[in-house]
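Trainee: I am new to this structure. Please show me how to read its features, one at a time.

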Amino acid sequence: MAAEVYHQAIGAFQSNSYLNNFSHHQKLRNNLVKLVTKDNYLSRTRTSHSGQRNCSVILSSASQTSIVDTVSSPSRINTTDTHKKSSEAALILIRHGESLWNEKNLFTGCVDVPLSKKGIDEAIEAGKRISSIPVDVIFTSALIRAQMTAMLAMTQHRRRKVPIIMHNESEQAKEWSQVFSEDTKKQSIPVIAAWQLNERMYGELQGLNKQETADKFGKEQVHEWRRSYDIPPPNGESLEMCAQRAVAYFRDHIEPQLLSGKNVMIAAHGNSLRSIIMYLDKLTSQEVISLELSTGIPMLYILKEGRFIRRGSPVGPTEAGVYAYTRGLALYRQRLDDMIQ
């Protein structure tokens, strides 16, 4: 079953390689707004603007394909009115399934490695657990293991919409990937790949065996590289540096979608998702370093009245009991049941 679904979906996987050039990565990262930890919450220093501004949900281009609507992003001062417009929106977070290098116990980081057989099964199982939760737009990293996880998960969704990767890397790519049927657009879900959601870059540890690295440098040193907040491995990123780009992207491109009432799924990586959860749950830098995320286990948040509320992770056979469905999600599931009958 897993292999069959994998072969059906693999044709759609085209990794947008936004990290081919690390100097480009560094320039963009230097331009991101810095995050600061203060008074037990994560805040971002930025210049406020009054009124509304149009925010493109795809970083690489202000011109949008027609499948993805440009949303009006409120300033941080005037968010109250926007919160009133939408009663609630669902946010699903999924760490990718096991990769082939996870299986081999190698440091992966930003190396573009696909899922293992176990990872494929985990992605399909994750899809079953969120099959009755609405998804309007999907964000993934630029790495194939996250994109595979998103695509395979959506093959299990009861709504049967088709996820389509948006290609805005060039004018020709945008032109050639247009969809001209309105009916087909309505049955599609845009998938937006962004390097800012990539796993943190592990520098000179990438490709090394984790146990052999611990034997060479010492367990304490490797543990410090892996689990400290602000100490990077040699020529790599710390969790703090990863959070700078991941949370900035979330606030500028994903949160506006949620504020407009769109239901969002993010398929990404352990450290980029930990960074986002740090922002959502207002964790301190000490609290986030002890946060562990299992591969292929979805987490559900509800944005309601301006607050992100965690609804849990579905580790049991019935996702409704674990998620404690809101009224809106319960009504959505009822509509799905009515469609199938």
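Mentor: Start with burial: a residue is buried under 20% relative accessible area, exposed over 50%, and partly exposed in between, using a 1.4 Å probe and protein chains only. R251 is buried, with a relative accessible area of 9%. Before going on, note that this is a predicted model, where local features need pLDDT of at least 70 and side-chain atom pairs count only at pLDDT 80 or more, while totals for chains, interfaces and linings use all residues. Residues are numbered from 1 along each chain as its sequence is written, and side-chain values use heavy atoms, with hydrogens and water left out.

Trainee: What percentage of the protein's residues is buried?

Mentor: Of the 341 residues, 54% are buried.

Trainee: How many helices and strands does the protein have?

Mentor: Helices (H or I, at least four residues) and strands (E, at least two) are DSSP runs, numbered from the N terminus. Here they come to 15 helices and 11 strands.

Trainee: In which helix is R251?

Mentor: R251 sits in helix α11, which spans residues 239–259. Now look across to I276. R251 and I276 are 25 residues apart in sequence, yet 9.4 Å apart in space, C-alpha to C-alpha.

Trainee: At what angle do α11 and α12 pack?

Mentor: First, the method. Axes are lines fitted to C-alpha atoms, for helices over the stretch in contact, and angles run from 0 to 180 degrees between N-to-C directions. For α11 and α12 the angle is about 65°, and the axes are 8 Å apart. Next comes handedness. A crossing is left-handed if the near helix is turned anticlockwise from the far one by less than a right angle, and right-handed if clockwise. The crossing of α11 and α12 is right-handed.

Trainee: Which residues make the contact?

Mentor: Contact means heavy atoms within 4.5 Å. From α11, the residues include L239, C242, A246, F250 and R251. From α12, they include N271, R274, I276 and Y279.

Trainee: How do the residues of this contact divide into nonpolar, polar and charged?

Mentor: Ala, Val, Leu, Ile, Met, Phe, Trp, Tyr, Cys and Pro count as nonpolar; Asp, Glu, Lys and Arg count as charged; the others, Gly among them, count as polar. The contact of α11 with α12 has 9 nonpolar, 3 polar and 3 charged residues.

Trainee: Why is α12 largely enclosed by the rest of the structure?

Mentor: Count its buried residues. In α12, 11 of the 11 residues are buried, so the helix is largely enclosed by the rest of the structure. Among them are G270, S272, I277 and L280. After α12 comes K282, with a positive phi near 55°.

Trainee: Which other residues have a positive phi of about 65°?

Mentor: N105 does, although it is not a glycine. R160 is another non-glycine with a positive phi of about 65°. N105 lies in the loop between α4 and α5. R160 lies in the loop between α6 and β7. N105 is partly exposed at 32%, whereas R160 is exposed at 58%.

Trainee: How far does helix α5 reach?

Mentor: The expected span of a helix is 1.5 Å times one less than its number of residues. Helix α5 has 13 residues and reaches 19 Å from its first C-alpha to its last, close to the 18 Å expected. Its buried residues include G119, I120, A123 and R129.

Trainee: How many salt bridges are there?

Mentor: A salt bridge is a side-chain nitrogen of Lys or Arg within 4 Å of a carboxyl oxygen of Asp or Glu. By this rule there are 8. One joins R129 and E125 at 3.5 Å, N to O. These residues are 4 apart in helix α5, so about one helical turn separates them. R129 is buried at 15%, and E125 is partly exposed at 33%.

Trainee: Which residue does E292 meet in a salt bridge?

Mentor: E292 meets R227, at 3.2 Å, N to O. E292 lies in the loop between α13 and β10 and R227 in helix α10, so the pair ties together parts that are 65 residues apart in sequence. E292 is exposed, at 53%.
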